[in-house]
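The following note sets out numbered remarks on the model displayed below. Please read each point alongside the sequence and the coordinates.

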Amino acid sequence: MIDKTVASTSAAVADIADGATVMIGGFGTAGMPSELIDALIEHGARDLTIVNNNAGNGEIGLAALLKAKRVRKMICSFPRQTDSYVFDALYHAGEIELELVPQGNLAERIRAAGAGIGAFFTPTAYGTPLAEGKETRVINGRGYVLEYPITADFALIKAEKGDRWGNLVYRKTARNFGPIMASAAKCAIAQVRKVVALGELDPEVIVTPGIFVQRVVKIDVADELSTPQAAA
Amino acid sequence: MKRYTRDQMAARVARDIPEGAYVNLGIGLPTMVANHLPREREIFLHSENGLLGMGPAPAAGSEDPDLINAGKQPVTLLTGGAYFHHADSFAMMRGGHLDFCVLGAFQVSASGDLANWHTGAANAIPAVGGAMDLAIGAKRVFVMMDHQTKGGESKIVAHCTYPLTGVKCVNRIYTDLAVIDVTPEGLVVVETVDGLAFDELARITGVPLRRGSGMHTDSVLSST
């Protein structure tokens with residue numbers, strides 16, 4: 001019997017090695033797999049390359065991982081936010097490398113990795129500083145920039161429900177990077193609010209089919225949805 | 001000199017967005033356009049973090065941390081709205097499916113180059129988000145900005161001095177003084193704020209402007 005559920009977050013992240021590239025889902029705090037990140041901090045892997053849209057908020061989740069100095073490099077589109085002071089300080093101190101990627105390129109490069117695409121031409125950033133040093137081509141009169149996929153050893157994502165085969169559904173805009181990161185990483189680890197029996201997820205609405213997911217961990221959340229303030 | 005208020009600028013942009021349009025409103029000033037879209041007009045607001053059919057902010061106490069917009073503010077979903085992942089969301093942009101996007105700007109050049117993501121300051125932490133995807137993706141790109149900097153310099157320039165977001169991508173500029181189209185023949189003034197003569201606008205702007213064929217003044221004040 002195939003059972004991808006894992007008993008604990010610490011067991012789920014136990015084989016993330018030093019130097020690994022780890023994709024972390026979420027847009028701000030929506031969809032951020034905070035419990036898996038806490039387990040990664042506890043686990044102690046360092047010298048990580050992290051892929052996320054942002055670079056942490058306050059001192060929780062990704063910001064806590066940065067604060068613990070486990071991250072060598074951030075690949076993201078929008079590090080600077082009102083509450084990104086942990087990243088800001090590391091950046092100004094020269095203690096973290098930043099690869100800044102336009103948000104659509106970030107999403108498409110992750111998608112491309114999961115789809116086996118070697119590289120793609122996109123008009124985004126053509127003629128701007130973010131295309132400097134990159135191969136370009138004019139196709140049908142329009143300028144394009146060659147972009148390569150972003151692959152990862154692990155993806156940590158948050159979903160609403162999962163089953164033992166790794167099928168996932170998400171909740172509202174917390175879906176964001178989850179599906180594409182799951183397909184791009186060698187090992188995708190999903191934290192879910194509910195593990196349901198096989199067959200309970202309607203096959204017509206499964207968003208991430210289990211082939212893209214290697215581990216599922218249930219997180220006990222104290223009625224998070226009825227107390228949004230506490231989770232904000 | 002009379003200037004459009006921010007609400008009047010937003011109302012003026014809203015007038016140009018027809019029923020059935022798929023629209024992305026950038027963070028900041030463009031967000032105000034939503035407040036001026038007539039309720040009876042069905043318009044689909046896209047937010048790049050993954051929703052189409054975005055509704056207004058929820059009532060206090062009804063916020064859902066899993067339902068936010070690109071500015072990470074709590075929002076609602078209209079009946080008929082949809083959620084999707086980030087690559088689909090940016091395919092809507094990059095694939096040319098959005099009819100309009102409205103963006104803020106530091107500068108726009110006479111040929112429609114846009115600078116809105118970075119001041120170029122040496123110690124600034126760069127952050128780009130979806131700005132470059134929006135700039136090249138929507139069928140029509142509208143810019144909404146003050147006509148001049150606080151120091152009185154025109155933000156419409158011959159060549160952008162700030163780092164570019166996109167090349168020749170802006171179609172129309174809405175400022176607190178005028179509405180100006182970017183055309184292959186140059187900048188064409190559609191209208192000016194009440195009492196502002198074309199020659200005075202041209203002097204303030206400092207790059208060549210042409211008088212539009214139906215150029216008029218004061219449309220916002222007379223229409224709202």
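1. In strand β12 of chain A, V216(A) is the bridge partner of T5(A). Strand β1 (residues 5–6) and strand β12 (residues 215–218) of chain A run parallel and are joined by 2 bridges. Strands and helices here are DSSP runs numbered from the N terminus (E, at least two residues, for strands; H or I, at least four, for helices), and two strands pair if DSSP finds at least two bridges between them. β12(A) is also joined by 4 bridges to strand β11 (residues 185–195) of chain A, again running parallel; there, I189(A) stands opposite R215(A).

2. Concerning provenance and numbering, this is a predicted model, in which local features need pLDDT of at least 70 and side-chain atom pairs count only at pLDDT 80 or more, whereas totals for chains, interfaces and linings use all residues. Residues are numbered from 1 along each chain as its sequence is written, while chains are lettered from A and ligands numbered from 1 in the order in which they are written.

3. Chain A has 7 helices and 12 strands. Its radius of gyration is 18 Å, close to the 17 Å that the globule rule gives for 232 residues, so chain A is as compact as a globular protein of that length. The radius is taken over C-alpha atoms, and the rule is 2.2 Å times the number of residues to the power 0.38. The C-alpha trace of chain A spans about 50 × 40 × 35 Å along its principal axes.

4. Chain B contains 5 helices and 13 strands. For its 224 residues a compact globule would have a radius of gyration near 17 Å, and the 18 Å of chain B agrees with this. Its C-alpha atoms fill a box of roughly 50 × 45 × 30 Å along the principal axes.

5. An open antiparallel sheet of 3 strands in chain A has the order β6-β8-β7. β6 (120–122) and β7 (136–139) of chain A are at the edges with a single partner strand each, so one side of each lacks a neighbour in the sheet. On average, neighbouring strands are turned by 40 degrees against each other, direction ignored. β6(A) is joined to β8 (residues 142–147) of chain A by 3 bridges, and T122(A) stands opposite V145(A) in β8(A). Helix α5(A) packs on this sheet, touching β6 and β8 of chain A, and its direction makes about 165 degrees with that of β6(A).

6. The contact between the chains takes 39 residues from chain A and 32 residues from chain B, with two residues in contact if their C-beta atoms, placed from the backbone, lie within 7 Å. On the side of chain A that touches chain B, α4 (85–92), α5 (103–115), α6 (178–184) and α7 (228–231) each supply at least two residues. The largest share, 5 residues, comes from α5(A).

7. Which angle separates α5(A) from helix α2 (residues 86–94) of chain B? They pack at about 125 degrees, with axes 9 Å apart; axes are lines fitted to C-alpha atoms, for helices over the stretch in contact, and angles run from 0 to 180 degrees between N-to-C directions. The two helices are therefore oblique to each other, a class left over once angles under 35 degrees (roughly parallel), over 145 (roughly antiparallel) and 65 to 115 (roughly perpendicular) are set aside. Among the contacting residues are A107(A) and R111(A) of α5(A), and F90(B) and M93(B) of α2(B).
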